Structures are given as structure tokens and as C-alpha cells.
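Biologist: I'd like to learn how to read a protein model. Can we walk through one together?

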Amino acid sequence: MPNPYFRFKKFTVFHDRCAMKVGTDGVLLGAWASIINADEKILDIGTGTGLIALMLAQRFTAQIDAVEIDLDAYNQAKENINNSPWSNRIQIYHDSIQNYTINCPKRYNLLISNPPFFTNASKAAIKARTVARHSDLLEQMEILQIAEKLLYEDGRLAIIYPTEQALIFQEKAENFGFYCQRKLYVQSTLESPIKRILLELGKIPREYQESTLIIETARHNYSAEFVNLIKDFYLKY
């Protein structure tokens, strides 16, 4: 039987009631996203288990809002947050991000999301997993429109996609008036194709940074760069 939780160094994430479990994508994004000022205001779009919000709360003293549309995931994320050391700095909302955006009076320094990205694949039998995995309820242009409304002028949007979707998203973002400020290519091994791309975009241009992360140098032998990125979170490092 799968373990119902994932234990990190400073917090534990239960994910048995969430359609999408703790995974490498969320961990990479939570560890990689940049914060310019420690007390920035952050919005986690589609928080799921609450993983990314918790990682950012560990890294910085930021005030974090998190939005989750699925009720089971929302309830479990709320429990994970309440049981963490940073419950006073994370506020979670049960809502669609579209509705939240319409009613939100705030602006944020950072929007972050590990969004749904399947578009043509077969739909999951469980509705919650379909919502979590497929882009029907959160399309790429909607994310950009949300960022346009909710970000401060110098704010950033951090996001992770599979390679093809990431390149499409970057092109849409640039046509929409966002500049790519940071980009991380992720490969499982040196010989593997690029599996994921992490993007950080903003309304104003900054010095562009681009790098590649190789996760494994051999089977179960993780690269120094990967270990350095996640060492504050994974128990084994």
C-alpha cells in the first residue's frame, strides 16, 4: 500500500486524498523559484497538497496565499499547512483561480504554479485527477491573464511544464508582454532528452539566466547540482 505521506526535513505532506501526489516537479519548482525580498507576497495557484507553499514558507518569511479548486485536496492541504511551523504565514482558499482573481483586491510579487498540462491525452477516470492533470480548467492564456491582473509591475511568474508545453507557454507569454528572466532545463540523465522546463517570467526585462539540471549521473546516483537544490528538504541529504 502506498505511503499516505511524504516526510521532509521540516514538514510532512499527507497526500492520500489528493489526486496529484508529491512529485519531483513540485519539489523542483518550490526549491528553484527566486524571491527578491524575503517578505514578498506569494500566490500558489493550484496548491494541491500545499507542497510548494510549504517549501517557500521554509525558504523565506513571505506571506503566502494558496488556492485549490478540489475540495479533498483543499482540506488535506489545509491540514498539512496547519500542522507545519508556518501556519501563521500561509492562507489557503477553496476556489477556482479564475473566481479568486475576479474577487482578489491584492497584488503579489510572485505567482507560482505547477499547473495541469495534458491537453490531448485520455482523461482520467477520477474527476479530481482530471482537474489536476488536464488543462481544461486552467489554460495557458488564462494563467497569463491572471498574472497580468495579480502581479505587481515588477512581479514574477514561476511555472513548470513538460518541454513542448513550456516552449509554447514561453512564446505566448512573450507575445503577451512578459519577458523570460530565468529558465531551467531538466534532464533525468545526461543522455536523456529535456523532460521539464522551469520558467520565471516578468513584466519588465531583467538579466536573463539559463541553466540545465541533470538529476542523475548514474542510476540512483544524484548529481551535485540536484542535491544542492533540494538538500534543505529531502531527508536523505
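This is a predicted model: local features need pLDDT of at least 70, side-chain atom pairs count only at pLDDT 80 or more; totals for chains, interfaces and linings use all residues.

Biologist: What share of the contacts with a separation of 6 or more comes from residues 24 or more positions apart?

Modeller: In this protein, such pairs account for 69% of those contacts.

Biologist: Let me step back to the overall picture. How many helices and strands does the protein have?

Modeller: There are 8 helices and 12 strands. Along its principal axes, the C-alpha trace spans about 45 × 40 × 40 Å.

Biologist: Why does the radius of gyration agree with a compact globule?

Modeller: The idea is to compare the protein with a rule based on chain length. For 237 residues, a compact globule would have a radius of gyration near 18 Å, and this protein has 17 Å, so the two agree.

Biologist: How do I read "buried"?

Modeller: A residue is buried under 20% relative accessible area, exposed over 50%, and partly exposed in between. Here, buried residues make up 50% of the 237 residues. As for the surface, the protein exposes about 11700 Å², and carbon and sulfur atoms supply 51% of that.

Biologist: Is helix α2 mostly covered or mostly uncovered?

Modeller: Helix α2, residues 51–59, is mostly covered, with 8 of its 9 residues buried. Among them are Leu-51, Ile-52, Met-55 and Gln-58.

Biologist: And which residues have the most contacts inside the largest nonpolar core?

Modeller: A nonpolar core is a set of buried nonpolar-type residues, such as Leu or Phe, joined through side-chain atoms. The largest one here has 42 residues, and Phe-8 and Phe-11 have the most contacts inside it. Helix α2 supplies the largest share of this core, 7 residues. Apart from it lies another core, of 27 residues, including Tyr-100, Ala-147, Ile-159 and Ala-173.

Biologist: Where does Ile-194 lie?

Modeller: Ile-194 lies in strand β9, residues 194–202. Because its relative accessibility is 34%, Ile-194 counts as partly exposed. Leaving aside neighbours within four places, Ile-194 is in contact with Thr-163, Tyr-185, Val-186 and Gln-187. The C-alpha atoms of Ile-194 and Ile-214 are separated by 9.3 Å, and these residues are 20 apart along the chain.

Biologist: Is Leu-213 buried or exposed?

Modeller: Leu-213 is buried, with a relative accessible area of 4%. It sits in strand β10, residues 209–214. Not counting residues up to four places away in sequence, Leu-213 touches Leu-28, Leu-184, Tyr-185, Val-186, Gln-187, Glu-225, Phe-226 and Leu-229. Leu-213 and Ala-19, though, are 27 Å apart in space, C-alpha to C-alpha, and 194 residues apart in sequence.

Biologist: One last feature. How many Å apart are the mean positions of the positive and negative charges?

Modeller: The protein has 27 positive and 27 negative charges, and their mean positions are 5 Å apart.

Methods:
Residues are numbered from 1 along each chain as its sequence is written. Side-chain values use heavy atoms; hydrogens and water are left out. Helices (H or I, at least four residues) and strands (E, at least two) are DSSP runs, numbered from the N terminus. The radius of gyration is taken over C-alpha atoms; the globule rule is 2.2 Å times the number of residues to the power 0.38. Buried means under 20% relative accessible area, exposed over 50%, partly exposed in between (1.4 Å probe, protein chains only). Contact means heavy atoms within 4.5 Å. Accessible areas come from the Shrake-Rupley method with a 1.4 Å probe; for residues, only the protein chains shown count as cover. Lys and Arg count as positive and Asp and Glu as negative; His and the chain ends are not counted. The place of a charge is taken as NZ of Lys, CZ of Arg, CG of Asp or CD of Glu. A nonpolar core is a set of buried Ala, Val, Leu, Ile, Met, Phe, Trp, Tyr and Cys residues joined through side-chain atoms within 4.5 Å.
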